[in-house]
Amino acid sequence: KFDRDPHVTIAVAKLFWQDKKVEKARAWFERAVTVGPDIGDFWALFYKFELQHGSDEDRKEVVAKCVACEPKHGEKWQAISKAVENAHQPIEVILKRVVNALSKEENSA
């Protein structure tokens, strides 16, 4: 089923986010990181979404869940987590660096 594919799920979350359907987007982000907990890029998108639309509590929850899942995959996540300067950084730092990379990419587009 499509809702079992984390890539489809994250795409739906992003569509709801673009349409400013905050609660629906949040529900789909939750689903995406549940079916693809190992994909760091999805955690970064979810955190970036919560930076815009969530409370401090929402952001802390995303960080805590991300840290607990220890993601290892995702194009941006791997590039940043494997960079020499990030070798011994905690997951929370990697998460925020991936969010920054996504934001820079978005701004240059």
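Is Phe 29 buried or exposed? Phe 29 is buried, at a relative accessible area of 0% (buried is under 20%, exposed over 50%, partly exposed in between, with a 1.4 Å probe and protein chains only).

A quick note first: this is a predicted model, where local features need pLDDT of at least 70, side-chain atom pairs count only at pLDDT 80 or more, and totals for chains, interfaces and linings use all residues. Residues are numbered from 1 along each chain as its sequence is written, and side-chain values use heavy atoms, leaving out hydrogens and water.

**View 1. Helix α1 (residues 6-18) against helix α3 (residues 40-53).** The two pack at about 15°, axes 11 Å apart (axes are fitted to C-alpha atoms over the stretch in contact, and angles run from 0 to 180 degrees between N-to-C directions; helices are DSSP runs of H or I, at least four residues, numbered from the N terminus). On the α1 side, the contact (heavy atoms within 4.5 Å) is made by Pro 6, His 7, Ile 10, Lys 14 and Trp 17.

**View 2. The Phe 16 and Trp 28 pair.** Ring centres sit 6.5 Å apart with planes at 45°, so this pair is tilted (rings of Phe, Tyr and Trp, the latter by its six-membered ring, pair with centres within 6.5 Å; under 30 degrees is stacked, over 60 edge-to-face, the rest tilted). Both Phe 16 and Trp 28 are buried.

**View 3. Phe 29 stacked on Phe 46.** Here it's 5.5 Å centre to centre and 5° between the planes. Phe 46 is buried too, at 2%.
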